[in-house]
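Hi,

Here is the model I promised to pass on to you. Have a look at it first, and then read on for my notes.

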Amino acid sequence: MLLPGFDYLDPKNLEEALDLLAVHKEDAKVLAGGTDLLVRMKKGLLAPKVLISLKSLNELSYIKEEAGCIKIGARTPLADIIASGTVQDNARALSQACEKIGAITMQHYRGTIGGNILQDNRCHHYNQSDFHRSGHQACHKNGGKICYARENADRCNSTCQSDGSTALMALGAKLVLLSKGHERTVDLDKFYTADGIMPHDMESHELLKDIIIPINGARSAYRRLAYRSAIDYPIVCAGVLVRPSDSQKDRIDEARIVVGAMGRAPLFLAQASSSLKGKKLDDTDAFRKAADASMDSAATFAVHNVGSTLEYRCSMISPLVLQGLKEAASEK
Amino acid sequence: MEKIEITLNINDNPYEVMIYPNDTLLDVLRDKLDLTGSKESCGEGVCGSCTVHMDGKPVRACLTLAMEAQGAKIKTVEGLANVDELSNLQQSFIDHGAVQCGFCTPGMLMSADALLRENPNPDEKAIRKALAGNICRCTGYAKIVQAVAHAAQPQDDCCDCKSKE
């Protein structure tokens with residue numbers, strides 16, 4: 001498969017990269033590992049005039065502990081995150097999620113955490129070859145006015161299938177976005193637009209710099225369901241976090257349940273999460289109720305557009321959340 | 001789009017080549033340098049038949065721009081054997097019947113070679129995990145896993161090995 005033509009730019013430092021983004025704006029795309037971007041370009045879903053490579057920007061590849069947080073550079077390869085002791089100890093959900101992305105030979109050395117977060121939403125009516133799409137009227141995401149996934153939908157219902165984002169949202173992560181002369185920090189919870197066409201609240205001249213995960217004694221886990229254990233995207237996944245209370249070590253002070261691959265963004269289920277506050281860490285009944293409540297809430301967002309049947313995907317939410325909660329709560 | 005001259009270090013040989021920015025490493029290997037061992041199958045990073053090493057790590061040549069491969073040490077399946085002697089891994093693939101149509105074999109060899117460099121004595125689970133990104137439609141994988149295990153640690157009682165004959 002051939003790639004469409006583009007100009008390749010290789011900035012030597014961050015400043016130069018931001019200058020180039022400010023000049024080219026929506027004509028440019030940022031190239032990190034390329035395992036998502038180049039596939040979309042090959043399928044004709046995207047034809048940027050300019051690719052700005054992060055190849056020389058080693059300053060965006062790091063994992064460090066700083067001020068009670070883990071900071072991960074956006075261009076850090078997934079293999080480095082999986083191998084990181086501090087991520088395993090303090091953000092196990094992320095470690096588990098990165099391990100599930102793609103396959104070792106495919107993404108772990110080229111694929112980056114920034115690229116995983118910023119991957120475009122997917123839909124099995126949209127992520128197809130030019131030839132396949134030419135047989136239909138264009139859908140919302142392709143510039144038309146139809147949604148094949150949900151009848152009479154007035155907007156795009158593509159699904160966010162990022163493993164990394166689901167885990168990071170459960171971990172309460174923040175993103176640092178840079179543009180020329182400006183830096184802003186945004187909660188991952190608030191980074192999504194609820195629009196399947198442009199799912200991320202990010203300007204074309206902005207660059208993801210790093211991801212900040214708080215270290216606060218919380219325990220986390222990530223579970224996913226996919227057709228195959230490697231290569232595939234999740235068709236439903238869950239990231240959970242439980243933080244024991246400082247005063248009573250066997251009680252939950254804060255819980256976060258996030259269900260992914262079921263909507264335009266990972267879904268933070270506030271009600272199900274708050275139902276666990278004050279519960280004991282071994283209260284399996286409370287976990288089960290929270291898992292069922294997660295299923296009821298998340299199922300309302302899902303459409304049939306990433307494979308398998310919708311019923312199966314919905315009914316698997318509860319077991320995945322329950323498994324995650326049990327594992328997180330029993331983590332030492 | 002203008003052609004650009006780049007230098008690639010492939011199998012310890014420098015190659016100067018004129019490319020377009022949208023040429024993938026696989027396009028350059030196969031079409032410009034006649035290193036046709038690496039295969040293109042899916043072209044979108046799923047099947048693994050284009051796997052090559054960049055600085056010792058297995059990557060998909062079909063999803064790596066040739067521009068991005070500058071400065072890296074690239075190894076293709078052509079670089080596995082010595083001049084007239086196959087590597088242990090290649091010989092083991094032959095001895096165990098791990099090759100049928102052969103299309104996936106270069107990718108399998110490169111993924112397995114990277115595994116054995118990192119972990120010289122992998123168990124079956126580690127082998128299967130390392131090869132999870134490579135698809136084979138002929139062998140059913142069992143012979144491939146046996147071949148890699150045998151290359152790592154030759155067993156005298158290896159059931160299928162033809163090297164004893």
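Below are the notes on spaces and helix packing.

This is a predicted model, in which local features need pLDDT of at least 70 and side-chain atom pairs count only at pLDDT 80 or more, while totals for chains, interfaces and linings use all residues. Residues are numbered from 1 along each chain as its sequence is written, chains are lettered from A and ligands numbered from 1 in the order in which they are written, and side-chain values use heavy atoms, with hydrogens and water left out.

**A pocket**

The second largest pocket holds about 620 Å³ of space. On a 1 Å grid over the protein atoms alone, a pocket is an open set of points with protein on both sides within 12 Å along at least five of seven lines, whereas a cavity is a set where a 1.4 Å probe fits but cannot get out; lining residues have an atom within 4 Å of a point. Points are joined across faces, edges and corners, and a volume is the space filled by probe spheres set on them.

Its lining has 22 residues, and A:Ser229, A:Ala230, B:Arg128, B:Lys129 and B:Ala132 lie nearest the centre. Helix 5 (92-100) of chain A and helix 4 (124-130) of chain B are the elements that give two or more residues to this lining; helix 4 of chain B supplies the largest share, three residues. Helices here are DSSP runs (H or I, at least four residues), numbered from the N terminus. By class, the lining of the second largest pocket has ten nonpolar, four polar and eight charged residues (Ala, Val, Leu, Ile, Met, Phe, Trp, Tyr, Cys and Pro are nonpolar, Asp, Glu, Lys and Arg charged, and the others, Gly among them, polar).

**Cavities**

How many cavities of 30 Å³ or more are there? The count comes to two. The largest cavity, of about 80 Å³, is lined by 14 residues, with A:Cys123, A:Cys139, A:Cys147, A:Cys156 and A:Asn157 nearest its centre. Its lining divides into eight nonpolar, five polar and one charged. The second largest cavity has a volume of about 30 Å³, and B:Cys42, B:Gly43, B:Cys47, B:Cys50 and B:Cys62 lie nearest its centre among 13 lining residues.

**Helix packing**

Helix 5 of chain A turns up again here: this helix and helix 8 (residues 163-170) of chain A pack at about 175°, with their axes 8 Å apart. Axes are lines fitted to C-alpha atoms, for helices over the stretch in contact, and angles run from 0 to 180 degrees between N-to-C directions. The two helices are therefore roughly antiparallel (over 145 degrees; under 35 is roughly parallel, 65 to 115 roughly perpendicular and the rest oblique). A:Ala93, A:Leu94, A:Ala97 and A:Lys100 in helix 5 meet A:Asp163, A:Gly164, A:Ala167 and A:Leu168 in helix 8, contact meaning heavy atoms within 4.5 Å.

Also in chain A, helix 10 (residues 284-299) and helix 12 (residues 317-330) pack at an angle of about 140°, with axes 8 Å apart, and are therefore oblique to each other. This contact has eleven nonpolar, three polar and three charged residues.

In chain B, the axes of helix 2 (residues 88-95) and helix 3 (residues 105-118) come within 10 Å and cross at roughly 130°. Helix 2 of chain B contributes B:Leu89, B:Gln90 and B:Phe93 to the contact with helix 3 of chain B.

Happy browsing!
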